[in-house]
Structures are given as structure tokens and as C-alpha cells.
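Thank you for asking me to look over this structure. My notes follow as numbered points, beginning with a single residue and widening from there.

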Amino acid sequence: MPMEPLTRQQLEALIDLQEKETEAARIQSELNRLPEKLAVLEKTLTVHEAGIAEQKAAVASLKKEYRSREADLEMNQSRVQKREIQLHSVKKNDEYQSILKEIAEIRATNSRIEDVMIQSLDDIDSAEKQISEKEQVYAVEKQKVEAEKDLIGKPAEEKRVLLEK
């Protein structure tokens, strides 16, 4: 049985169908790339979050070291007070000189501890400022990511609806 020749109307319908299928394939391709785009955006935020968490851990460590040095300083100050009290009860000059030397050594150690503590406070302050800056950058990035998600999400939903038709 011979096939009937295609009419112009049938050809136009076939061309229209082919265009719609090509457009559907393009839309599907775009939709398939969306999870990857979203993952990249989320990874950006995750990197910022990790940087902030790392900086906070560093600050916590610095504060712990500071408290440890503060305890050492208090302990040494207590030792100085005890030695000063002993000075009043010492009868021999060499014992008196020995205690004075020990007090001087403890005070020198305290001075070094205080210097380190001051540097620790500067380090803590600097690290906290970095956290604040990183949190500001993170907030800006999060807004950008959310805006980008909105830009991606709304058209994607419209395209999904088009595909279903």
C-alpha cells in the first residue's frame, strides 16, 4: 500500500513537534544541571561556615591558654606572698638572701607571664575581629546564594511545568 504524500499541514505539524521536543530536551538539560549549580552555591557557604568555626576554635584555644597563664600568675603571686611572710621569721642572712632571690625570680617569671598574657589578649582581640569580618562576609554570601537560588528556582519551576505540558 503506497503512503500518501505528506501535506503541508502535516509537515508544519512535524516541524512544530520537532521544535517542541528540541526545546523540551534543552529545558531538561538545564534542569539536570540545577542540582550541580545548587551544590556549588551550598559549598561556598559551607567553606565560609568552616572558616568561622575554625576561627572560633582558635579563639577558644587562645582563651584557654590565657586562663592557664592567669592561674599560673595567681599561683606565683601566692608563692611571693608566702615567701614575703617567711622573710619576717628568718634569722640568718643567707636564708634571707635566698628567699629574696627566690622572690625576685618568681616576680621575673610573673613579668614574663604577664607579657605573654598581654600578647594573648591582643591575639584574642585580633581573632575575634577576624570572626566578625568572616561572619559579615558569610552573611553577604548567604544573601547572594539565597538570591541566586531564587533566580534559579522560579524559572526552573516554570520550566518543569512547561515540560509537563
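**Notes on the model**

1. Asn 76 is found in helix α1, where helices (H or I, at least four residues) and strands (E, at least two) are DSSP runs, numbered from the N terminus. This is a predicted model, in which local features need pLDDT of at least 70 and side-chain atom pairs count only at pLDDT 80 or more, while totals for chains, interfaces and linings use all residues. Residues are numbered from 1 along each chain as its sequence is written, and side-chain values use heavy atoms, with hydrogens and water left out.

2. Is Asn 76 buried or exposed? Asn 76 counts as buried, because its relative accessibility is 5%, and the scale calls a residue buried under 20% relative accessible area, exposed over 50%, and partly exposed in between (1.4 Å probe, protein chains only). Setting aside residues up to four places away in sequence, Asn 76 touches Ile 106, Thr 109, Asn 110 and Ile 113, contact being heavy atoms within 4.5 Å. The C-alpha atoms of Asn 76 and Ile 103 are separated by 9.4 Å, although these residues are 27 residues apart along the chain.

3. Gln 55 also lies in helix α1, and it is buried, with a relative accessible area of 13%. Apart from its neighbours within four places in sequence, Gln 55 is in contact with Ala 127, Gln 130, Ile 131 and Lys 134.

4. How far apart are the end C-alpha atoms of α1? They are 122 Å apart, which agrees with the 122 Å that its 82 residues should span at 1.5 Å a residue; the expected span is 1.5 Å times one less than the number of residues.

5. Side chains of opposite charge can pair when their charged atoms come close. A search of the whole structure finds eight salt bridges, each defined as a side-chain nitrogen of Lys or Arg within 4 Å of a carboxyl oxygen of Asp or Glu. One of them joins the side chains of Lys 63 and Glu 128 (3.1 Å, N to O). This pair links distant parts of the chain, with Lys 63 in helix α1 and Glu 128 in helix α2 (residues 93-164), 65 residues apart. Lys 63 is partly exposed, at a relative accessible area of 34%, and Glu 128 counts as partly exposed at 34%.

6. Arg 83 and Glu 102 also meet through their side chains in a salt bridge (2.8 Å, N to O). Here again the pair links distant parts of the chain, Arg 83 in helix α1 and Glu 102 in helix α2, 19 residues apart. Arg 83 is partly exposed at 24% relative accessible area, and Glu 102 is partly exposed at 21%.

7. A further salt bridge is made by the side chains of Lys 129 and Asp 125 (3.6 Å, N to O). About one helical turn separates Lys 129 and Asp 125, because they are four residues apart in helix α2. Salt bridges that share partners also join Arg 79, Arg 83 and Glu 102 into one network.
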